[in-house]
Amino acid sequence: MIVTFLGTGSGVPTLQRNVSAIALWFIQRGKWWLFDCGEGTQQQIMRSWLKLSQLEKIFITHLHGDHVYGLIGLLASRSLRSNVEAPITVYGPPGLDRYTAAILETTRVHLRYPLSVEIVSPGRYEMEEGYIVECAAAAHRGQAYAYAVEEPERPGAFRDDLARQAGIPPGPLYGKLKRGDTIQLEDGRVFHGESFVGPPQRGRKVVYSGDTSPCQAVVQLAEGADLFIHEATYAHADLALAERSAHSTARQAAGIARQAGVRTLVLTHFSSRYEKAGAEAGMAQLLKEAREVFPDTLLAADFLSLKVRRKRIETVGQSLDLTGDEAGKV
Ligand SMILES: [Zn+2]
Ligand SMILES: [Zn+2]
């Protein structure tokens with residue numbers, strides 16, 4: 001799984017940061033999902049290695065413009081590609097159906113691929129290939145959701161060290177044990193495949209808060225996440241602004257990450273005020289105050305890509321070759 005930030009600013013796009021959009025790429029499946037779709041997201045996609053034809057699902061956290069104004073343009077552009085027929089499902093809060101239907105109808109767009117819009121409510125949803133998406137109610141203005149994506153548990157790895165210890169000669173018999181078969185050696189001893197399989201590997205978990213003030217529903221949703229993306233619109237010195245607009249400060253986001261026991265926190269959705277020259281609190285301040293509470297914190301930037309491994313998070317260069325051996329490991 002690779003997470004790519006396509007937009008990391010709040011409210012309006014700036015030259016440094018586009019508005020909210022995050023891609024989650026399942027490399028082995030050759031598909032990716034998009035979380036939020038602020039204006040200009042399709043251009044950000046063109047600047048990345050993501051392909052619109054491989055986009056499978058879109059999750060909208062809430063209906064503020066900086067999270068949804070790019071949706072229809074992206075869907076329409078995808079339809080102009082002659083070879084794109086794969087369906088897309090868009091998930092989001094009530095009103096998303098009316099929003100998409102109204103624009104598609106009034107602008108007379110006829111998509112060439114099937115589009116479904118599903119209104120979701122807090123709960124767990126089973127997706128293709130055992131993936132679970134959990135939706136929780138965030139604390140923002142209007143109905144807003146946070147989403148967690150959980151990968152299915154994987155069967156444990158074959159323990160050839162145990163097979164060797166048992167005196168089973170390497171070769172085709174190992175293949176049979178791997179498949180869970182029962183084998184018999186020439187000396188009459190019988191072995192069962194399940195005795196040589198390690199414990200199942202838990203699936204990875206990625207969680208995105210959307211816009212929210214600090215809230216317990218997001219803490220619960222994020223429990224044990226490998227990668228936790230939380231908004232940090234403001235520095236803690238601007239707590240009053242955060243409270244007024246139902247957003248979080250960097251320090252508050254770090255507190256949520258600590259409570260939830262996540263592995264890595266990535267902050268996003270920054271107010272442009274921290275990038276202005278001469279700003280009293282800059283981006284470094286946001287990182288500093290968050291790391292005081294939760295050391296494993298990163299700041300998102302547009303096109304930052306993170307590979308979510310079972311044991312660690314790695315930064316990915318845009319030039320990474322994901323077609324060969326590398327793809328199988330992700
Ligand atoms: Zn926003
Ligand atoms: Zn918002």
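I looked up C37 and found it buried, because its relative accessibility is 0%. I noted that this is a predicted model, so everything below is read off a prediction.

How many disulfides are there? My count comes to zero. C37 is in none: the nearest cysteine sulfur belongs to C135 and is 18 Å away. C215 is in no disulfide either, and the nearest cysteine sulfur there is again that of C135, 12 Å away. I also put C215 down as buried, since its relative accessibility is 13%.

**Zinc, ligand 1**

Next I went to the metals. Which residues coordinate the zinc ion (ligand 1)? I get D66 (OD), H67 (NE2), D211 (OD) and H269 (NE2), at 2.1 to 2.3 Å. I checked the geometry too: the four donor atoms give angles of 88 to 166 degrees, and the site is irregular. Along the sequence I wrote the donor spacing as D-H-x143-D-x57-H. D66 sits in helix α2 while D211 is in the loop between β12 (205–208) and α7, so this pair ties together parts that are 145 residues apart in sequence. Both D66 and D211 are buried.

**Zinc, ligand 2**

For the zinc ion (ligand 2) I list H62 (NE2), H64 (ND1), H140 (NE2) and D211 (OD) as the protein donors, 2.2 to 2.3 Å from the ion. D211 turns up again here, and I see that it bridges the zinc ion (ligand 2) and the zinc ion (ligand 1), with 3.5 Å between the two ions.

Why is the arrangement around the zinc ion (ligand 2) irregular? Because the four donor atoms subtend angles of 88 to 167 degrees, and a tetrahedral label would need all angles between 85 and 135 degrees. The donor residues are spaced H-x1-H-x75-H-x70-D in sequence. I traced two of them: H64 is in the loop between β4 (55–59) and α2 (65–68), and H140 is in the loop between β8 (132–137) and β9 (145–150), so they tie together parts 76 residues apart in sequence.

Is H64 buried or partly exposed? I have H64 as partly exposed, because its relative accessibility is 22%. H140 is buried, with a relative accessible area of 10%.

**Nonpolar cores**

Then I turned to the packing. The largest nonpolar core has 34 residues, and I find the most contacts inside it for V207, V218, F228, V262, L265, L267 and Y274. Two or more residues of this core come from each of β9, α7 (216–222), α9 (250–260), β14 (264–268) and α10 (283–293).

I picked V207 and listed what it touches, leaving out residues up to four places away in sequence: Y147, A148, L221, A222, A225, L227, F228 and I229. Apart from this core I found another one, of 28 residues, with I22, V133, Y147 and A300 among them.

**Domains**

Last entry: how is the chain divided into domains? The domain assignment gives me domain 1 as 2–154 + 201–329, and domain 2 as 160–196. Taken over C-alpha atoms, I have the centres of domain 1 and domain 2 separated by 45 Å.

Note on methods: Residues are numbered from 1 along each chain as its sequence is written. Chains are lettered from A and ligands numbered from 1 in the order in which they are written. This is a predicted model: local features need pLDDT of at least 70, side-chain atom pairs count only at pLDDT 80 or more; totals for chains, interfaces and linings use all residues. Side-chain values use heavy atoms; hydrogens and water are left out. Domain bounds come from an automatic or database domain assignment. Donors are N, O and S atoms within 2.8 Å of the metal (3.2 Å for Na, K and Ca); water is not among the atoms, so sites may look incomplete. Four donors count as tetrahedral if all angles lie between 85 and 135 degrees; four count as square planar and six as octahedral if opposite donors are over 155 degrees apart and all others between 65 and 115; anything else is irregular. Helices (H or I, at least four residues) and strands (E, at least two) are DSSP runs, numbered from the N terminus. Buried means under 20% relative accessible area, exposed over 50%, partly exposed in between (1.4 Å probe, protein chains only). A nonpolar core is a set of buried Ala, Val, Leu, Ile, Met, Phe, Trp, Tyr and Cys residues joined through side-chain atoms within 4.5 Å. Contact means heavy atoms within 4.5 Å. A disulfide is a pair of cysteine sulfur atoms within 2.5 Å.
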